[in-house]
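Here are my comments on the structure you asked me to look over. Please read them with the sequence and the 3D view side by side.

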Amino acid sequence: MSAKVSLENVKRQANEAQKTITQLKDELQIITEAYNTLRCHQLREENKKLLLAVEATKKNLVNLEIKNGVKQVGIVLNKSAKISDTCKEIPKQQAAVAEKNEKKSASKKKTEQVAKPKNDNAKDSEEIIDVGRLDLRIGKIEHVKKHPDADSLYVLKISCGEDQPRTVCSGLVKFVPIEQLENKSVMLLCNLKPAKMRGVTSEAMIMCASCSEAIEVLSPPPGCIAGEAVHCEGYTRNPDLIMNPKKKIFEAIVPDLATNETLEACYKGAPFYVPGKGKFLSLTLKNCPVK
């Protein structure tokens, strides 16, 4: 019995709440309409005042012009024929000059349009080639094994901040033991065009210091994370998506990559670094090429 009474109370309260909501909506609509009516009236009054002010200003301006000897000309409507007749009286010499100027302007525009592609081509031929074109990143070696068909190559899986690690073939077998590569962080060049090496597609390059007797993998500064960008002091990092092999961009940059007297990897003497973390070092090779 008590449950039935409670249910009826709930229904009654719900009905009362619904009636209250409906009543509030009606009142809100009435208030809104009243406000809109009042606002429209206010705007009309303001417009009237503005029109009166404009007219008064016009009259003052006319009076001032008359005092200063400016002749007033009335505007006559529906007299298009007279205006047309007046236009016909323009001297022929002026019309000829105007036509000549138009032809010169059109000729100038055509010349500029033809010249633009030449300027663009000139810019392309003079494009800057420096270390900023290289997409150098921190890579973390996740797995390494020997190439099944090449005794001098390792096949590595290297994480560089992407969804999947990249496959990299590297000729380090004779110089670096496999144990020294496992879980090692490296400087990775990521925008070379992928190339097959004995049947395995290599998607990046590990940067190393080298001489005729030895090769050493460059060591990043401590605390680096896979995928972090590598910078070079004094150069703006603006890498190509993939370097065009026909333009020989990497080949033009490589001769200026080397370690310095303090084992730092550099481009034209400017060291590579990760902001806030430090520079890249070779273990023992000073003043040696980096590639």
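1. A residue is called buried when its relative accessible area is under 20%, exposed when that area is over 50%, and partly exposed in between, using a 1.4 Å probe and protein chains only. On that scale, 25% of the 291 residues of the chain count as buried. The model is a predicted one, in which local features need pLDDT of at least 70 and side-chain atom pairs count only at pLDDT 80 or more, while totals for chains, interfaces and linings use all residues. Residues are numbered from 1 along each chain as its sequence is written, and side-chain values use heavy atoms, with hydrogens and water left out.

2. For the secondary structure, helices (H or I, at least four residues) and strands (E, at least two) are DSSP runs, numbered from the N terminus. By this reading the chain has five helices and 14 strands. A contact means heavy atoms within 4.5 Å, and among contacts between residues at least 6 apart in sequence, 64% join residues at least 24 apart.

3. Which strands form the open sheet, and in what order? Five strands take part, in the order β3-β2-β1-β4-β7, and their pairing is antiparallel; two strands are said to pair if DSSP finds at least two bridges between them. At the edges are β3 (166-170) and β7 (205-206), each of which pairs on one side only. Between β4 and β7 there are two bridges, and Leu189 has Met205 in β7 as its bridge partner.

4. A nonpolar core is a set of buried Ala, Val, Leu, Ile, Met, Phe, Trp, Tyr and Cys residues joined through side-chain atoms within 4.5 Å. The largest such core has 26 residues, and those with the most contacts inside it are Leu134, Leu136, Met187, Met207, Phe272 and Phe280. At least two residues of this core come from each of β1 (136-146), β4 (185-189), α5 (249-253), β12 (265-267) and β13 (270-274). Leaving aside residues up to four places away in sequence, Leu136 touches several others, including Met187, Met207, Val230 and Phe272. A second, separate core has 18 residues, among them Leu156, Cys160, Leu188 and Ala204.

5. How many disulfides does the model contain? Taking a disulfide as a pair of cysteine sulfur atoms within 2.5 Å, the count is zero. Cys160 is in no disulfide, and the nearest cysteine sulfur, that of Cys190, lies 4.2 Å away. Cys160 is buried at 1% relative accessibility, and Cys169 is also buried, at 8%.

6. Rings of Phe, Tyr and Trp (its six-membered ring) pair if their centres lie within 6.5 Å, with planes under 30 degrees apart counted as stacked, over 60 as edge-to-face and the rest as tilted. One aromatic pair is found by this rule. The rings of Tyr235 and Tyr267 have centres 5.1 Å apart and planes at 75°, so the pair is edge-to-face. Because Tyr235 lies in the loop between β10 (231-232) and α5 while Tyr267 is in strand β12, the pair ties together parts that are 32 residues apart in sequence. Tyr235 is partly exposed at 26% relative accessibility, whereas Tyr267 is buried at 1%.

7. Asn183, in the loop between α4 (178-181) and β4, has a positive phi near 65° although it is not glycine, and it is exposed at 56% relative accessibility. Leu263, in the loop between β11 (257-259) and β12, has a positive phi near 75°, again in a residue other than glycine, but Leu263 is buried at 18%.
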